[in-house]
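Me: I would like to go through this model with you. Could we begin with the metal site and then turn to a sheet?

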Amino acid sequence: MCKLFHLIAFFLVVAASPLAVHARKAQARPLILDNIRIIDGTGAAPIEHGRLVIEGDRIAQVGPVDAIAVPANADRVDLSGRTVVPGLIDLHFHIENDPKLALRQLSHGVTAFRDPGQWDEKFVELRRMIAAGHLPGPHIFTAGPHIDGEHPAYPADSVVARDADEARRQAEINVRNGASALKIYFRLPFASAKAVIDVCNAHHIPCTAHLELLDARELIAAGLQGIEHITSFGTSVVPRNQAEAYRQAVLADNDARRDGRYKLFASANLDGPEAQALYAVLRERRPWVDPTLAVFERRAGAPPEGTKPEMVPVMVAGFAKMKQLTRRAGLEGARLVMGGHSTVPFASRGEAPWRELELLVESGLTPLEAITAATSTAAGFLYRTDELGSLRSGLKADLLVLRGDPSRDITAMRTVERVMVGGTWVDITQYAKL
Ligand SMILES: [Zn+2]
């Protein structure tokens, strides 16, 4: 009886849902987006008077209006004055217990995301909601639980490996269960971290890491493809004795990071010998770096609750240095990407990716460079440049229509009017409420 009631309720909800009505299937006929400014995600200068042709779930043609003929039987939408950019890729999204947040972010233009460390069970509800809404996205990339050492920082999100052999086995299990990346967490010893990197390379998936105790220079030299959090470089930009004092403090208490990383950065010399050694590795290996600046943002007038007064200027100075190092890492060869981190101090619900883009620009990137970080470079870190991340022929038609021009002012990323995933328009007004 109860089951039957739920079944009926389910059908009523689905049938009554405007999503089912508005979610438009991938185009049967070619669709033309006309008279648009096109920012293609590769860093190329915008096409000011452009045309984009979509066939099925793919982009068929992109270019200036004059250069592209209108296919027969095409539907045409005149979007004069609007800008079209690729869908954003958020490479550091924590689903936690809030699957609705992924759909709210979709309404803000995030058409793909990676959760860098979580059990697959946490995505069941989101996948159900996507199926129920007949949604073509967001595209979900998972890493399985992150792989940590003993006394893990986040026990509920991790698997513990006590030695390299266990690390290898945990990594293999994650891959078998569908992980398209693996994440090393900071208590993992070096030999175990190396074992995880080797598993990634054997399966041709990227390996990324949140580091506090291990040295980023050593791990990148050992083959690590990516870094989560600019703070992962903290122990690489201060003298070794200072880095070791920080390591010992964090080994004794994971919470020593809270103030400790701001102290490290506030005192760091970004032109010193330690930083120079880091830059040499960045130039040689060109790792992806996901700074997640928004989660570390600190402002003098609005410190987090419980902050000691003497720490406020240290946090502000430390955060300024984090932005400087982000820019410097990019100039030295790191491939910067965008990770919103779900919930951050100075962004409203679902707006962390927008804040992260703004902070990348505050760090010194041009708006176009920031957009590239969140699109084609991010697709590179997913190993999916043939599918996602730029507006070119043959790729998935994942795109945003913006009222403003983010190549002039990055805050125009907030002017999302329409979102398309795989050739299908998403009813963003529904998801913006979640
Ligand atoms: Zn995180």
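Me: Which protein donors does the zinc ion have?
Reply: In this predicted model, the protein donors of the zinc ion are H92, H94 and H341, each through NE2.

Me: What spacing do the donors follow along the chain?
Reply: The spacing is H-x1-H-x246-H.

Me: Where do H94 and H341 lie?
Reply: H94 is in the loop between strand 6 (88–90) and helix 3 (99–107). H341 is in the loop between strand 15 (335–336) and helix 13 (352–362). The pair therefore ties together parts that are 247 residues apart in sequence.

Me: Is H94 buried or exposed, and why?
Reply: H94 counts as buried because its relative accessibility is 14%, and the cut-off for buried is under 20%.

Me: And H341, buried or exposed?
Reply: H341 is buried as well, with a relative accessible area of 17%.

Me: Now the sheet. What is the order of the three strands in the open sheet?
Reply: The order is 6-7-8, and the pairing is parallel.

Me: Which are the edge strands?
Reply: Strand 6 and strand 8 (139–142) are the edge strands, as each pairs on one side only.

Me: What does the twist average?
Reply: From one strand to the next, the twist averages 15 degrees.

Me: How many bridges pair strand 7 with strand 8?
Reply: Strand 7, residues 110–115, pairs with strand 8 over four bridges, in the parallel sense.

Me: Which residue in strand 8 does D115 stand opposite?
Reply: D115 stands opposite T142.

Notes
Residues are numbered from 1 along each chain as its sequence is written. This is a predicted model: local features need pLDDT of at least 70, side-chain atom pairs count only at pLDDT 80 or more; totals for chains, interfaces and linings use all residues. Side-chain values use heavy atoms; hydrogens and water are left out. Donors are N, O and S atoms within 2.8 Å of the metal (3.2 Å for Na, K and Ca); water is not among the atoms, so sites may look incomplete. Helices (H or I, at least four residues) and strands (E, at least two) are DSSP runs, numbered from the N terminus. Buried means under 20% relative accessible area, exposed over 50%, partly exposed in between (1.4 Å probe, protein chains only). Two strands pair if DSSP finds at least two bridges between them. Axes are lines fitted to C-alpha atoms, for helices over the stretch in contact, and angles run from 0 to 180 degrees between N-to-C directions.
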